[in-house]
Amino acid sequence: MREIQAIITAANTEYRRFIATNPDTETRVAVSNAVKFLTADLRSAAALVASTQDRS
């Protein structure tokens, strides 16, 4: 699951770098939504992995 967290962190870091370029509002909103959806999907995947791992 560290790998999933690393991807989330990288996506958010790159998003902040993208925002620093002052993109137009439409593009900024589209990319923001994409990063939010990616993060949500990855968190769901992490939760699924955590719930199905053998805890013995």
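Analyst: A residue is called buried under 20% relative accessible area, exposed over 50%, and partly exposed in between, with a 1.4 Å probe and protein chains only. This is a predicted model, in which local features need pLDDT of at least 70 and side-chain atom pairs count only at pLDDT 80 or more, while totals for chains, interfaces and linings use all residues. Residues are numbered from 1 along each chain as its sequence is written, and side-chain values use heavy atoms, with hydrogens and water left out.

User: Is threonine 39 buried or exposed?

Analyst: Threonine 39 has a relative accessible area of 8% and is therefore buried. Threonine 39 touches Ile8 and Asn12, not counting residues up to four places away in sequence; contact means heavy atoms within 4.5 Å. Threonine 39 belongs to helix 2 (residues 25–52); helices are DSSP runs of H or I, at least four residues, numbered from the N terminus.

User: How is the packing of two helices described?

Analyst: The angle between the axes and the distance between the axes describe two packed helices. Here the axes of helix 1 (residues 2–19) and helix 2 come within 10 Å and cross at roughly 170°. Axes are lines fitted to C-alpha atoms, for helices over the stretch in contact, and angles run from 0 to 180 degrees between N-to-C directions. Helix 1 and helix 2 are therefore roughly antiparallel, a term for angles over 145 degrees.

User: Which residues of helix 1 are buried?

Analyst: Ile4, Ile8, Ala11 and Tyr15 are buried in helix 1. What covers them includes helix 2.

Terms used: Helix = DSSP H or I, 4+ residues; strand = E, 2+ residues; numbered from the N terminus. Parallel < 35°, antiparallel > 145°, perpendicular 65-115°, else oblique.
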